[in-house]
Amino acid sequence: MEITLNVNHNIHKVLVESDEMLLDTLRKLGYKSVKKGCDTTTCGICSVSIDDELIPSCSYLSYRAEGKKILTVEGLKEDARKIGEALTAEGVEQCGYCSPSLVVAIHTMLKQYEDPSDEEIKHYLVGNLCRCSGYEGHNRAIKHYMEVRHDGSK
Ligand code: FES
Ligand code: FES
């Protein structure tokens, strides 16, 4: 079937199978930041924002995304750069495999919560497995990025 997807404000008409998952469709469209990290919907590496909700694209049927706004890290541009800098400053960006989905998770979280608590940050990070580092650095990086935003210097 042919569906129309809005990805990073770009409109794509694309042929998909009825059981095709959004992860595969996004990669087919060239959004290669969206990656597969497991077969059990547990790693979060495939996560994208759909209408400002963080969703694992490996278990979301592509046709369900019609009429919705999909965001991947490619669409976040300046915000992605600044979040990436905050992560790098804390030394948590190592192999980088988890980074695109982590940046999308942080961006989506800050759309939902202006000033997330430690618990809310944990809730968002828990769905995004990082095999290389602990989560304290991620937490510090998020807080640093939030301060930069509150300073109005973003
Ligand atoms: S690939 Fe692991 S949750 Fe989607
Ligand atoms: S930096 Fe390697 S998985 Fe997170």
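## Helix α4

A residue is called buried when its relative accessible area is under 20%, exposed when it is over 50%, and partly exposed in between (1.4 Å probe, protein chains only). Helices (H or I, at least four residues) and strands (E, at least two) are DSSP runs, numbered from the N terminus. The structure is a predicted model, in which local features need pLDDT of at least 70 and side-chain atom pairs count only at pLDDT 80 or more, while totals for chains, interfaces and linings use all residues. Residues are numbered from 1 along each chain as its sequence is written, and side-chain values use heavy atoms, with hydrogens and water left out.

Helix α4 spans residues 118–126, and its buried residues are Ile 121, Tyr 124 and Leu 125. Viewed down the axis of α4, these residues fall within an arc of 95°, so they line one face of the helix; the arc is that of the directions from the helix axis to the C-beta atoms. Glu 119, Lys 122, His 123 and Val 126 are exposed, on the face of α4 turned away from its buried side.

## Salt bridges

A salt bridge is counted when a side-chain nitrogen of Lys or Arg lies within 4 Å of a carboxyl oxygen of Asp or Glu. The count by this rule is seven. One of them joins Glu 119 to Lys 122, with the closest N and O atoms 3.5 Å apart. Both residues lie in α4, three residues apart, about one turn of the helix.

Lys 28 pairs with Glu 20 at 2.9 Å between the closest N and O atoms. Lys 28 is partly exposed because its relative accessibility is 48%, whereas Glu 20, at 12%, counts as buried. Lys 36 and Asp 39 also form a salt bridge, at 3.2 Å from N to O. Here Lys 36 is partly exposed at 46% and Asp 39 is exposed at 72%. Glu 78, Arg 81 and Glu 85 are linked in a network of salt bridges.

## Domain interface

The domain assignment, automatic or from a database, gives domain 1 (2–74) and domain 2 (76–150). The contact (heavy atoms within 4.5 Å) takes 18 residues from domain 1 and 19 residues from domain 2.

About 1500 Å² is buried between the domains, with carbon and sulfur atoms giving 58%; this is the accessible area (1.4 Å probe) that two parts lose on being put together, summed over both. In domain 1, Ile 45, Leu 54 and Val 73 lose the most area to domain 2, together 37% of what that side buries. Between domain 1 and domain 2 the salt bridge count is zero.

Key. Chains lettered and ligands numbered in written order.
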